[in-house]
Amino acid sequence: MSDPLAPGPGAGHLVAEPAVIEARGLVKRFGDLTAVDGVDFAVAPGEAFGFLGPNGAGKSSTMRMIGAVSPVTAGHLRVLGRDPATEGDVIRARLGVVPQEDTLDTELTVEENLLIYGRYFDLPRAVIRERTDELLAFVQLTDRRRSRVEPLSGGMKRRLTIARSLINQPELLLLDEPTTGLDPQARHLVWDRLYRLKQRGVTLVVTTHYMDEAEQLCDRLVVMDQARIVAEGSPRELIAAHVSREVLELRFSPDEQQEAVARLDGLAKRVEPLPDRVLVYTDDADRAAAEVTERGLLPTSVVVRRATLEDVFLRLTGRSLVE
Amino acid sequence: MVAPALRVMEVHARGYRRTWRSNVVTTFLNPVLFLLAMGMGLGTLVDRGGGPAALAGGDYLAFLAPGLLAATAMQTAAGDASFPVMAGMKWMKTYHAALATPVSARDLAHGLLAWTTVRLLMTTAVFTIVMAIFGALSLPRGLLAILPATLTGMAFAAPIAAYASGLENDYGLSSMFRFVIVPLFLFSGTFFPIGQLPDWIEPLAYLTPSWHGVELTRATALGTAPAWPAAVHVAYLVLWLAVGTVAVGRGFSRRLVR
Ligand SMILES: Nc1ncnc2c1ncn2[C@@H]1O[C@H](COP(=O)(O)OP(=O)(O)OP(=O)(O)O)[C@@H](O)[C@H]1O
Ligand SMILES: [Mg+2]
């Protein structure tokens, strides 16, 4: 088992143990559109692996290929040591999937959704019933057991989808934006549950737009942009490799920002103006803040913080810059 | 170990257990109303006018009942093989949920057909018994008609499910009901022999599975000889079912596996 506190394998995608997922030159095309353009990655047993990336980067397309529901256009893919093209059903029997969009049968009740899903796996009814008790308790939906799904809140449906994905006790769990649309409390519940699954040895693959989620959950992650992987590593490694240790966040009144940015020139390794604030990447943010004052600038607010994955993401995809 | 398509069938059956009440009206009450209005109302006039001599069965009600049975099977099958497919693929995406399990698109298609068969057997059985209570069909012979009626329904279910799997929205389904199913319901020899149709239309009726189904079902229920040899009627219906079954497997795969 990989130690979650140990640094990930870093550059290169070689994993010592036989990989749970192994992709080389993986390509997915929809007609003329290339959704995934030759990506390489490997996921080790017990690892929590993340895909980050802006909308349309190709995360879901990659997840669907791993889930053996979307045929690979080109390249090499092995999941649990098998080829999805020829042994998709065997792979899927050992997978749990939380798709980006809910696919619950809203006319049925909570427990009926688990029952029919379990039946698709050919699990005996008694086994499903037993696991239903556990799983509903696990996602705190026991009291909604006999409710129809239709009127449940978005967060409850998401939790039910997570419970459903566990009905076959999967070795590998694919979660495509598991907490999108959840309130903070529900998100923390989901994180906690995923962490427990990881403790039990379940391999997790997660896509997310939440940087805090990626930092919390993932041992290692890749950043995808425009169908390609643009960076790979543990959250710590990515921060070290792509941004400085600390960040100085400055806000100016909107009409003054442009001029202020010009006068910040040379202050630090990198100065990134965003629409509403300026990020100064530096290894000593306090020093930089002092220099801002020395240069006679008067920001409306000054925040010194550690660099996060958000900064890595911004740096690599340039995403919030265009938004 | 239960074959995946049968597990899909089981899941349909579970869904049906929750929703059957809302289906009762369309699949069951409608034909009973037809039977009352046409069979007993109109039938009295037909019988008085000396028509029955030209009708298999001797009186209008006896002529109508098996035709209605086959036509109802067609209509039920068309309903089951169309809107639920749309729901599974687009509205609720429940088919996508199933595809994340060992079940394949082909299993989904064939499971749907298997379930539709079971449902048609149940529907036509209940319908036959109700008609027998009205004196429109005689038992036990009438029960035999369940089989050709179900086959008629399946000759529609398979190609319709294939057609539905290629649609982006349900307009195509409304049109199908309006321009195909309703005319076939009326003009396949259900309410009157197709000999009454204009001569140039009559051959068109031979192409429809519904005419073959109605003929076969009526001959079975009444113990009379069908228009063509029974084997030809059966073969034609089986042909539609077989081609439809291949098409629906491909249609589901094309639509769902991307
Ligand atoms: N079934 C499909 N048919 C055609 N194009 C598709 C299909 N699925 C995805 N695409 C396209 O592939 C590209 C990548 O989409 P994908 O859903 O993988 O992105 P994503 O990274 O998951 O984005 P998001 O964060 O918005 O979920 C997009 O341009 C999308 O339009
Ligand atoms: Mg996505």
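Chain B and chain A bury about 2300 Å² between them, with 60% of that area on carbon and sulfur atoms; buried area here is the accessible area, taken with a 1.4 Å probe, that two parts lose on being put together, summed over both. This is a predicted model, in which local features need pLDDT of at least 70 and side-chain atom pairs count only at pLDDT 80 or more, while totals for chains, interfaces and linings use all residues. Residues are numbered from 1 along each chain as its sequence is written, chains are lettered from A and ligands numbered from 1 in the order in which they are written, and side-chain values use heavy atoms, with hydrogens and water left out.

To the contact, which means heavy atoms within 4.5 Å, chain A brings 30 residues and chain B brings 24 residues. Across this interface the rule finds two salt bridges, a salt bridge being a side-chain nitrogen of Lys or Arg within 4 Å of a carboxyl oxygen of Asp or Glu. Side chains of opposite charge can pair when their charged atoms come close. B:Arg7 forms such a bridge with A:Asp122, and their closest N and O atoms are 3.8 Å apart.

On the side of chain B that touches chain A, α1 (4-48) and α4 (94-99) of chain B each supply at least two residues, where helices (H or I, at least four residues) and strands (E, at least two) are DSSP runs numbered from the N terminus. The most comes from α1(B), with eight residues. Sorted by class, this side has twelve nonpolar, six polar and six charged residues; Ala, Val, Leu, Ile, Met, Phe, Trp, Tyr, Cys and Pro count as nonpolar, Asp, Glu, Lys and Arg as charged, and the others, Gly among them, as polar.

Ligand 1 has 14 residues around it, of which A:Gly56, A:Lys59, A:Ser60, A:Ser61 and A:Gln100 come nearest; a residue is near a molecule if one of its heavy atoms lies within 4 Å of it.

Taken alone, ligand 1 exposes 640 Å², and the protein buries 66% of that, the areas coming from the Shrake-Rupley method with a 1.4 Å probe. The shell around ligand 1 takes two or more residues from β2 (33-43) and from α1 (59-66) of chain A, and α1(A) gives the most, with three residues. By class, the shell has five nonpolar, seven polar and two charged residues.

Over all chains the structure holds 34 salt bridges. In one of them the side chains of A:Asp37 and A:Arg228 meet at 3.0 Å, N to O. A:Asp37 lies in strand β2 of chain A and A:Arg228 in strand β9 (residues 228-233) of chain A, so the pair ties together parts that are 191 residues apart in sequence.

Two backbone features remain. Most residues other than glycine have a negative phi, and most peptide bonds are trans. The peptide bond from B:Leu139 to B:Pro140 is cis, with omega near 0°, and B:Pro140 has its place in the loop between α5 (105-133) and α6 (141-144) of chain B. A:Gln169, although not a glycine, has a positive phi of about 45°.
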